[in-house]
Amino acid sequence: MGSKKKTKEKKKDFIKQRLKVGKDKPKASNHTDVSFTAKSISIPRQSVLDVKTNEAEFAKNISLTRHATPQVRKEAVLFLAKHWRSHPTMLAAVISSIAKLILDQSGSVRGEVLKLLKTLPSASVQLHYTVLVLYVQSAMTHIGASVRHDSSKFLEVLMEDGGCGKLLVDNHWIKLSRCFFSLLHWPINAAGVGLAVTVGSSAGGGGGGQAARTARVRHLQVLGKFIEQGAVEVKSIDTEAGQIEAEGPHVSTQCYVTPDVPGPFQHLRLFARAVNIEGDLNNMRFEDVLVRRKVLVDVFTERMMKELRSIVKEGGEVGRVANSLSVMMERVMEDEKNYQQSIGAS
Amino acid sequence: MARKQRAALLPTNIILLQNLVKRDPLSYREEFLQQYAHYESLRDILMASSSSIKENGIDEELRELIGFITAVCPCYKEETKQFPGELKTLLSEHHRDLNPELREKIIQCLVMLRNRDIISAESLIQTIFPLLTEYSAVNNNTETNSKALRKQIFHTLVTLLKSLNSGTRAARLNKTVQNLFLSGLTKENALFVTKITIKLWYSQIWNDSRTVEIMVQSTLSGDAKVSVAGARFFLGADKDLYEEGNDDSDDEVDISQLKHHMKINKKTKKQSKKFDSAVKTIKKKQNKDPNKGTALNFTAVQLLRDPQGFAENLFKQLATTSARKFNMEQKIIFMNLISRIVGVNKLQLLGLYSYFLKYLTPKQQDVTKILAACAQSSHDLVPPDAINMVVRKIADEFVSDGVSTEVCSAGMNSIREILTRAPLAIDQALLQDLTAYSKSKAKAVNIAAKSLISLYREVAPEMLMRKDRGKEASIKLQGSKKGKSLQFGVESSVQGIPGIELLDKWREEQGLAVDDENEEAAWEEQQKDLSDADDIDGDWVTVESDKEYEISDGDDDKEDEDEKMADADVNDDSDSDLDLSDDDESKNFAKTKKNKTISRKAKKKRREIQEAEEKKYNGDAEESFKKLAANRILTPADFAKLEELKMEAGVEKLMGIKSSIRNEEEVDADGLVGPVKRKQTKEERIESIREGREGREKFGSRRGKIATPHSTTNREKARKKNFIMMIHKRQVQGKARRSLRDKQKVLQAHIEKQKKKGY
């Protein structure tokens, strides 16, 4: 004897199904519904031959820079710093991955990134400077104070170790100047003058304690370097001219030779994706020192001098740095004035 | 001091900053600008990093920032002028590169900007509608979140249109959106457009012919899913799906608990009302049949611009080779829709009937539905030959001795349904064959055949066999020798005023000759309605005492005067009316009066002739209409009486005969089979018993059964104690010795207690 259930099931098979008019024929017990259609069938790739190579380890560490834990990210950066020399082809990936870490919340990770950036060859940094500078700009306006404080360090490294100073002042003159203003909590427009005092002073002075104070000193220093790079005329302009003459048969030959800077036509945005904005000054390109100086004097100087004077009064190290900066600014303004007069005369 | 405190509230996260900005936009302007600059740089990063956008860490930050800027946008209108445009371009040009969450956020923000009137509704719709084509189910196989996106856009559009149409109709917006939909009925987003249109229709936001036109287009789109959705819309089958206010879990009431409360608590009117309403709602819920509601979407069908064209195109879609993509169920839906439209509008679509032929076999799946469609599509303006084919086929296939009773009765019933709509579609021989089944022993077949007989007794008794005609019909046939045989194309509806014969009959019964006084009274009703202003005018005429007014009281005068004098009187009448007021309406009234008197004269002349004639009008509508129309002008009182009589007759009619407007009715497919009942097997019986038991407690006494296990209580012990042992106790004897007052008290308490228990 089989079980009760089995006998029942067997019996069921022999019961005649009644057909009803207007109703479907009942489905057979072994009926298979094949009305579905599969759009695609995915078969996961399996391979025994996948052996982790040295390359793979390096690639893994690159992806580990996106890990959730700060410690892991830091170690990944350390690993990259140790091994990037043996993987020269991966340098682009390294730079784009550490660029994101400029905005990292953890200070130690940012510190390691800074160290790594210093060791990277300036040629490759120049090649990928667009990504880096975007993240630096983002860091300068970041809401987290510590990220903001470190941002000028990165800019300094870019300008001095990376050798991107010329590129930066050429392509990002206005944008970076604005970023500096917001970094130092200086209002740009005249409208916000009266009210922004509170915010500015609190953020700059008492807000963040010692870290904020040192950061402010560094911001001023880097700003000075930036302006010096961009707006102060090079003294040895004669020799430069001489060089040009020596290079080509004509004075303006340089204009028609293939440029040696990376991405010379980037500002035209021929192949870049961007939200097109009419009259956007941020991404304007100023290759000429004179134009840059004019922009600086016209737009930023007045406010800057006012703020600098108040900082000088504070004294201390900040005051000293601010003083040297203001001296330079006065020189720049003098130059501009002289230049304007000479133009007016001629 | 306060300043410092405020300054101490330095924003460390976006949400805090948003709060602060909203409180004091001017002070936090610099902070906002910083964040705006941050947004810009993040946007640039997003644009710069080409392939790895979805992995970089800025996504969440950017989302937060976009939300923040949107929220504070109204505070800094000048600074954020570019912002909405940027979002729009981000969405419309780079949507493929965005993370799904970021995309969702951007749409949300655009909606929020629309709510604050920073961007217009049109521009919002034009931004998000094209996304549908990109992320439609047809186009897109790789994107996993396309469904979520479509859902979001659906809800966005519905809520947007709802809110804009909530007060006054936004006619222009509706029109543009409808045009967008009409032009956007491409293969990719046809289903979406259909769904949203249906949703808006049932939310009663869109209810014009333009909307119906969209549905027509989508029904004819050719894509199976879309077309079926459209057809279901017209059939009204999807009403429950889309309609709102499904208040399911809101007012779940526990009846047993309420009963308990009723027992325990104080009995008040409020309580009992509450209980009644709860019972009512539960009954309502139980009565709600989820499969019900296939009543035709009449408003939509009436708004069709070209029903004939629509029906023809639908039929073309169904009958040509392209119909292969529809399965049988879908085909039946279309057959149903076409037949309804043809029936309701009395259209000519001759191909339809021969199309039905091939499906009319008993073994066909869902054949009852097809039979119902056949019946629905037939009406009296179709040439009888076309329908005769169908009837003959059904008779051949379904009605014979060899088939089961179910099949036979289904066939017979559907033939009856067809013939009620088109009685000419059968020849005498076949009809008499079919009526012969009234002797069948199978009850369902028997009933079906008898219903066919009773139908033809009414419609065309001469086609029936002599014995089937019945008494009334036979008498009628004998009375008027030739009879009114049915003819194709002749309207059989009653001419004149429906129910006039009832009035005539009634008048004769009452013995009402033309009574002038009554008549005047009857007209008075109308007079009041005609002009209240007129009355006022009439009231405020200054009457000078010394003058003598000759106001002829026409009503009395006329009765007394001779017919010859009538003409003059009429003039008098009208003059006096004019005297009273020279309002236009009163003039009109005078005219009607004049007419009336003239007609009355004619009537009086004829009365003698009529009376001389024999009274053999037995309620013949035409005759009595002629008679009454010649004699009288019906007064409002007459019409009121007519209504009353019709109501009375209507009650009789309800018992047997149905109304003559059949072509708009739906045929119940399940009812066609008839009351087939065969003996149940034992399993079936047990099954039905089980079904009845489900969800109820077992019957039987609860006595002696303990709800919760416990030992004997003291009360139980006391009850069971031997009576002899107790008889001398004070507890027992004391009861008899109680004073009258005490007894009264106890009795009162007992009554009160019983009342509280609810007896």
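Trainee: Which residues of H8(A) are buried?

Mentor: Keep in mind that this is a predicted model. The buried residues of H8(A) are Val147(A), Arg148(A), His149(A), Asp150(A), Ser151(A), Ser152(A), Lys153(A), Phe154(A), Leu155(A), Val157(A) and Leu158(A).

Trainee: What do the buried residues of H8(A) pack against?

Mentor: Their partners are H5, H7, H9, H10 and H12 of chain A. Chain A has 16 helices and zero strands. Buried residues make up 29% of its 346 residues.

Trainee: How far apart are the end C-alpha atoms of H8(A)?

Mentor: They are 24 Å apart. H8(A) covers residues 145-160, so at 1.5 Å a residue its 16 residues should span 22 Å, and the two values agree.

Trainee: What is the count of buried residues in H34(B)?

Mentor: Zero, among twelve residues, so to read it by the definition, none has 20 or more other C-beta atoms within 10 Å. H34(B) is hardly covered. Its span reaches 17 Å from first C-alpha to last, close to the expected 16 Å. Gly695(B) follows the helix, with a positive phi near 75°.

Trainee: Which residues touch the most other members of the largest nonpolar core?

Mentor: The general idea comes first. In soluble globular proteins, nonpolar side chains tend to be buried together. Here the largest nonpolar core has 187 residues, and Val136(A), Leu158(A), Met412(B) and Ile418(B) touch the most other members. Beyond four places in sequence, Val136(A) touches Ile102(A), Ser151(A), Phe154(A), Leu155(A) and Leu158(A).

Trainee: Is Tyr437(B) buried or exposed?

Mentor: Tyr437(B) counts as buried because it has 21 C-beta neighbours inside 10 Å, and the cut-off is 20 or more. Tyr437(B) sits in the loop between H23 and H24 of chain B. Leaving aside neighbours within four places, Tyr437(B) is in contact with Met412(B), Val445(B) and Ala449(B). Its C-alpha atom is 9.1 Å from that of Ile447(B), ten residues apart along the chain.

Trainee: How close do the axes of H22(B) and H24(B) come, and at what angle do they cross?

Mentor: Two packed helices are described by the angle and the distance between their axes. The axes of H22(B) and H24(B) come within 8 Å and cross at roughly 15°. That makes H22(B) roughly parallel to H24(B). Their crossing is left-handed.

Trainee: Which residues of H22(B) meet H24(B)?

Mentor: Among them are Cys408(B), Met412(B) and Leu419(B). On the H24(B) side, the residues include Val445(B), Ala449(B) and Leu452(B).

Key: Residues numbered from 1 in each chain as written. Chains lettered and ligands numbered in written order. Predicted model: local features only at pLDDT ≥ 70, side-chain atom pairs only at ≥ 80, totals over all residues. Core = buried A, V, L, I, M, F, W, Y, C linked by C-beta atoms within 7 Å. Contact = placed C-beta atoms within 7 Å. Helix = DSSP H or I, 4+ residues; strand = E, 2+ residues; numbered from the N terminus. Expected span 1.5 Å × (residues − 1). Axes fitted to C-alpha atoms, helices over the stretch in contact; angles between N-to-C directions. Parallel < 35°, antiparallel > 145°, perpendicular 65-115°, else oblique. Left-handed = near helix turned anticlockwise from the far one by under 90°.
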